Amino acid sequence: MVAMDARAAVKRARLSIRRKRLRGLAIAAPFVLPGFALACVFTLYPTLFNIRVSLSSYHIVQRSMTWVGLENFTELFTDRGGRISLAIRNNFLYAIVTTPFILLFGLVFAVMINSLKRFRVFFRTCFYLPVITSWVIVGNVFAYMFNPGGAGLVNYALVDILGIMEDYVPWLQRTWTANAVIWILGIWKNIGWSMIVYLAGLQGVPADLYEASGIEGAGRARQFISITAPMLKNTTFYVLVNMIIGSFGVFVQVLMLTGGNPRGTTSVLQYLLYDKSFNLFEFGQGAAIGVITAILVLITTIVMNRVFRTEGGRVE
Amino acid sequence: MKKVFTIALALITLASFRCNASAEETPVTITFWHTYGDAEAPVIDELIVPMFEAVNPGLKVEAVRQSGDFNQMLVAALGAGVVPDAARVDITKTSAYAKLGGIVAMDEIEGFAALKDAVLEGPLSTNLWNGRYYGLPLNTSCKAAVVNLEQMRALGFNGAPATMEEFIAAAMEKAPGEYKLSVSGLGDWDMYPYFWLFGGALTDEGFTKASGYLDSAASVDAIKAIQQMHDGGVFTIRDVDGTPDAWDGINSQYAMFFEGPWYPFSDSVVPATIPSYNGRSVSIVGGENIVIFSGSDEKEAAFTFARFMLSEEAQLKLLEVGVLPALKSCVESEAVRNDPKWSVYMNQLSSAKSRILTPQASTVEQLWSDAMSMIFLEGADVWETLAMTAAEIDYELAK
């Protein structure tokens, strides 16, 4: 009898917990469902569809697919000229080269602007201007600046004005000079964003730390090394993650400046995806490049999380 | 009851009249996508479309000028199933759209045979894929020599040189290392005319095989002749040498370069037939075709519009703003024969060759550019590079 009562009590308790959970879900549903539905329509479904296309031969007009397994991936990796390898290399190089500069200059400019008493907004706007300028416009400006002949501003300055070099350099037609131009454009365009994030981070650094260190005789450089930089570790991690993940999305500057030339040596994953899909009509391979990009971003994020191990959300 | 029947009958009769009336009133609208330039688009909108609508009262044309990457737009439209009825597309893309199944074989439409005979054969051939015609040439173009008369005088020529041999000899003797001939890059549009001029061949006539042609002794010699011109300081490749663009340099530095009819000629920079080499002049065909989309509901009306676009009146109206006609009868017209520019280009067209016609045209173009980059930028062996490229093109052509 006692055992039966106990069983009934447990059952009642379980029912009560279930009801409470359902009530909780019913309360949360109106808030969560719209976002969930949008995520399903605009993120989840396209992602799954892309994976399906990457494993198929996709006929765009008929909107039909023929299952080909991993054929698109093997074709990409056995492609002549190893374009996918070059693109992956260039994406990593872009991340490795541009990120430190963006971090460094963003931090330096943020500290400089933060220390200003006047014209703060003016300088903040000036440094942020490249971020909001259209990639296409900037791409065209850079294409003009690095024009191969004397009509290019850089060649004109280096050869005709300063006389540093004897001959004009076809900047965008050589692998490494063209990659350098792509990197410079990326750095110039992103410094403003990192500066704004650092400026926000700097507002969270207690002023009394600087006052106390000042009393103890610390100079500006010491304060920067011992207070500012450590206090901005979390901000740095945030900028770092964004910049590295963003490096896998590089596209417009390559399209505008080099078209992946010469011989695909300045190509990047997103440009290759575009080229395969829209120029060569290899939609399956294009989708496969999308999947490869996602895998690389995932691996990079995991590695970064391991390297910059966090404890309670703080970077160690 | 009788009254009800009478009213119902009257209503049905009225409704049917209404339907007939609306069918007569609602014209069929054809959507036509194009990329005509600033000078040409108003001719389409303000002259040609009204002319077409006047002679075809039941038809209306919505001409939409597209900008940006037109190919990308068309691919996106094909994917979304929201295609125009007709479009003006680049000759190199026609077979690719045909392979995708996006455009219809026009030769199955009544009236095609007459149009086929009326247009120039070279441009028409760019519509052929898998034994069927998937479009009609709407306008054509080719490259001719753009000559700086003053520079030519300095080299000892009164006007354009007749042969390439004498031009090279004069440039080497009178202006050594000064680059008197220029080309922008290493792509097919830039380099094919030189390659063909010096005796090179890309494939067999049917575009089925590159091996045996691209890697033949004649092709190797052609590339070596270009190399010699380049190394001898006669011929410059802007993207390799970092020299000024031909459009800028022709006014001060270069004596000649090859370009389409869109170059703004002047009294001192004039068009001329490309000088012959080994007794023959060669050029490259460009231009656009008109195609009808598989997804169109108004294919017949679209074909009527295509036929009108190939009428003499439409072609001559467009010629006035610099669009070279694809119609045989226009080529012989006085407007063309008496015009100093058009007469050169139409004459050059007779020796103009088409690029490799294949749905894989973009890949083939990339392979060619890669090969030229290897040879001119990296100093790769000519024969080895051409043999490797020929094998790769064979693979693409077999797809």
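Gly58(B) is exposed, because 12 other C-beta atoms lie within 10 Å and a residue with 12 or fewer counts as exposed. This glycine sits in the loop between α2 (41-55) and β2 (59-65) of chain B. Leaving out residues up to four places away in sequence, Gly58(B) touches Pro27(B) and Val28(B). Its C-alpha atom is separated by 52 Å from that of Leu214(B), a residue 156 places away along the chain. The model described here is predicted.

**Chain B as a whole**

Chain B holds 19 helices and 13 strands. Its C-alpha trace spans about 105 × 45 × 35 Å along the principal axes. Of the 399 residues in chain B, 48% are buried. Take the contacts in chain B between residues at least 6 apart in sequence: 76% of them join residues at least 24 apart.

Chain B is divided into domain 1 (7-140 + 286-353) and domain 2 (144-273 + 360-397). The C-alpha centres of these two domains of chain B lie 33 Å apart. Where they meet, 12 residues of domain 1 of chain B are in contact with 10 residues of domain 2 of chain B. On the domain 1 side, α4 (94-100) and α17 (340-349) of chain B each supply at least two residues. The most comes from α17(B), with 5 residues. By class, this side of domain 1 of chain B has 4 nonpolar, 6 polar and 2 charged residues.

Helix α10 of chain B covers residues 217-231, which is 15 residues. At 1.5 Å a residue it should span 21 Å, and its end C-alpha atoms are 20 Å apart, so the two values agree. The buried residues in α10(B) include Ser219(B), Val220(B), Ala222(B) and Ile223(B), and also Ala225(B), Ile226(B) and Met229(B). Among the elements of chain B that cover them are α8 (164-174), α9 (188-197), β9 (235-237), α18 (361-376) and α19 (382-397). Just after α10(B), Gly233(B) takes a positive phi of about 80 degrees.

In helix α14 (residues 312-319) of chain B, the buried residues are Ala314(B), Gln315(B), Leu318(B) and Leu319(B). They lie on the same side of α14(B), because they cover an arc of only 140 degrees around the axis. Their cover includes α2, β6 (136-142), α13 (299-309), α15 (328-331) and α16 (334-337) of chain B.

In soluble globular proteins, nonpolar side chains tend to be buried together. The largest nonpolar core here has 174 residues, and Ala86(B), Ile292(B), Phe305(B) and Ala306(B) touch the most other members. The largest share of this core, 10 residues, comes from helix α3 (residues 83-114) of chain A. Apart from its neighbours within four places in sequence, Ala306(B) is in contact with Ala86(B), Leu136(B), Ile290(B) and Ile292(B).

Chain A is divided into domain 1 (2-54) and domain 2 (76-315). Taken over C-alpha atoms, the centres of these two domains of chain A are separated by 41 Å. Their contact takes 4 residues from domain 1 of chain A and 6 residues from domain 2 of chain A. On the domain 1 side of chain A, the residues divide into 2 nonpolar, 2 polar and no charged.

The contact between the chains takes 21 residues from chain A and 25 residues from chain B. The side of chain A that touches chain B has 11 nonpolar, 7 polar and 3 charged residues.

**Backbone angles**

Most residues other than glycine have a negative phi, and most peptide bonds are trans.

| Residue | Phi | Loop |
|---|---|---|
| Arg63(A) | about 50 degrees | between β1 (56-59) and β2 (64-67) of chain A |
| Phe207(B) | about 55 degrees | between α9 and α10 of chain B |

Is each of these residues buried or exposed? Arg63(A) counts as exposed, because it has 11 C-beta neighbours inside 10 Å. Phe207(B) is buried, because 20 other C-beta atoms lie within 10 Å.

A cis peptide bond joins Asn261(A) and Pro262(A), with omega about -5 degrees. Pro262(A) has its place in the loop between α11 (252-257) and α12 (269-279) of chain A.

Conventions: Residues numbered from 1 in each chain as written. Chains lettered and ligands numbered in written order. Predicted model: local features only at pLDDT ≥ 70, side-chain atom pairs only at ≥ 80, totals over all residues. Helix = DSSP H or I, 4+ residues; strand = E, 2+ residues; numbered from the N terminus. Expected span 1.5 Å × (residues − 1). Contact = placed C-beta atoms within 7 Å. Domains from an automatic or database assignment. Nonpolar A, V, L, I, M, F, W, Y, C, P; charged D, E, K, R; others polar. Core = buried A, V, L, I, M, F, W, Y, C linked by C-beta atoms within 7 Å. Arc of directions from axis to C-beta.
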